[in-house]
Amino acid sequence: MFEINDTLYGALLMIWSLESQYIDIIVLSLKVSLTALIISCMISLPLASYLSIKNFFGKSLIIIILNSFMALPPVVVGLFLYLLLSWQGVLSSYEILYTPTAMIIAQTIIIIPIVAALSKESIDIYFNKYRDYLISLKISNFKVMKTLLWESRHALVVNGLAGLGRAFAEVGAVIIVGGNIAELTRVMTTAIVLETSRGNFVLAMSLGLTLIFISLILNFSVYFIKTADELD
Amino acid sequence: MDNSIQFNNVSYIVKNKTIINNISFNILEDGISVLIGQNGSGKTTLLRLMAGLIKPSKGKIIYNNKTRIGFVFQQNIFLNRSVNDNLYHAMSCSLNGKNKKNYEKIIRTMLDEFNMLNLLKMNAEKLSGGEQQFISLIRSIIINPDVLFLDEPTSNLDIKHKNLAEKLISDYSKTVKVIMVTQNTKQANRLANQILSVKDGTLSND
């Protein structure tokens, strides 16, 4: 008990003093996860809206795959990506293994099914509601998708935050393709794993508390957006 | 613009239930055509088929695909935005332009004409049923349609606005083809150049 109290006290001091070692890890985590989120949204949202409004051969298969991949094990993503990026892999020439870029790719792959599958469900609701009106306007698919994305924006932000939460908490893939290199690819989760194994509980705890704090902020944001949406 | 609509042996079947049963007829190119019939007779389905919102299960509907259509739905459909934004959205989508100032001027003029300018900034989804129906009518005509589809467009309106809406429809029918669904026989007789009586998914001579 004494040790936990000491660790907590030390962790809070570290957070308060904003030590560069701690800040660097937080900044890199934010950079990697937010970039992965932006890229995954740029792919997922058009995909989700297209799946909502169009019927085509293979659509059900794509939806089943997306839903299944929502629970994609990060270590498996990491393994496949490692095999592709390592010196024997087909993408080895890009030389991005053990770089933040590889971590961003891994997190993007993990987030895409989550954001796309959840967003398709959200957009479906709005398309069912506005279908007749939008068809009567005889507008292009692009304009229909644009209208639906705007109308469902609150739900989509919530879905994005769900993806971001998953990215922040993910450790398996980024440790495989990032390598957990100090000041280069060390993010919050991988640092917690390493520092715990080293017995440096203060840094591990400060990062853990920060991770919980970020998670709380995300969940508060989701709550407020949902509440605002219901009141709208 | 050719606004005629021709139905050739058209059927519409959903989950083995025949809603429209082997119908053939022509819609007059001008004036007001009214579909009349009881609840569940298939009037709304016929209107949706004519507008291209749904496709027939059998048969063929021949119409000019390039016509711009305005539609007043039985259940009003509005984006969760202000009246101004709803009208602006319809205009910017249908008229393929982005002259925002001009559109907003037209919207204000149109609402002012019907003493509804006070609704401009209000959320369209939060309006009363009657207000929604009238705004829906305005939205359908503000895009300069070639054909106007109206599904019971005056069912929620008070007498004053019903008369106003009928006058508006009548005036517009001089330049725009109007196809309307109603259960009100007197209204049909007042407005129609062509009356189609729908019963159990077919046209009847009643």
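Where in α5(A) is the kink centred, and what is its angle? In this predicted model, the kink is centred on A:Y130 and amounts to about 65°.

The ends of the helix can be considered next. Helix α5 of chain A covers residues 100-136. A straight helix of 37 residues, at 1.5 Å a residue, would span 54 Å. The end C-alpha atoms of α5 in chain A, however, are only 47 Å apart. Just after α5(A) comes A:K138, and this residue takes a positive phi of about 55°.

Chain B can be described as a whole. Its secondary structure consists of six helices and nine strands. The radius of gyration of chain B is 17 Å, and the globule rule for 206 residues also gives 17 Å, so chain B is as compact as a globular protein of that length. Along the principal axes, the C-alpha atoms of chain B fill a box of roughly 45 × 35 × 35 Å. Of the 206 residues in chain B, 37% are buried. Among contacts in chain B with a separation of 6 or more, 71% are between residues 24 or more positions apart.

The last topic is the contact between the two chains. Chain B gives twelve residues to this contact, and chain A gives eleven. On the side of chain B that touches chain A, β5 (69-72) and α2 (83-94) each supply at least two residues. The largest share of that side comes from α2(B), with three residues. Sorted by class, the side of chain B that touches chain A has nine nonpolar residues, two polar residues and one charged residue.

Key:
Residues numbered from 1 in each chain as written. Chains lettered and ligands numbered in written order. Predicted model: local features only at pLDDT ≥ 70, side-chain atom pairs only at ≥ 80, totals over all residues. Helix = DSSP H or I, 4+ residues; strand = E, 2+ residues; numbered from the N terminus. Rg over C-alpha atoms; globule rule 2.2 N^0.38 Å. Buried ≥ 20, exposed ≤ 12 C-beta atoms within 10 Å, placed from the backbone. Contact = placed C-beta atoms within 7 Å. Expected span 1.5 Å × (residues − 1). Bend = angle between axes of the 7 residues up to and from the residue. Nonpolar A, V, L, I, M, F, W, Y, C, P; charged D, E, K, R; others polar.
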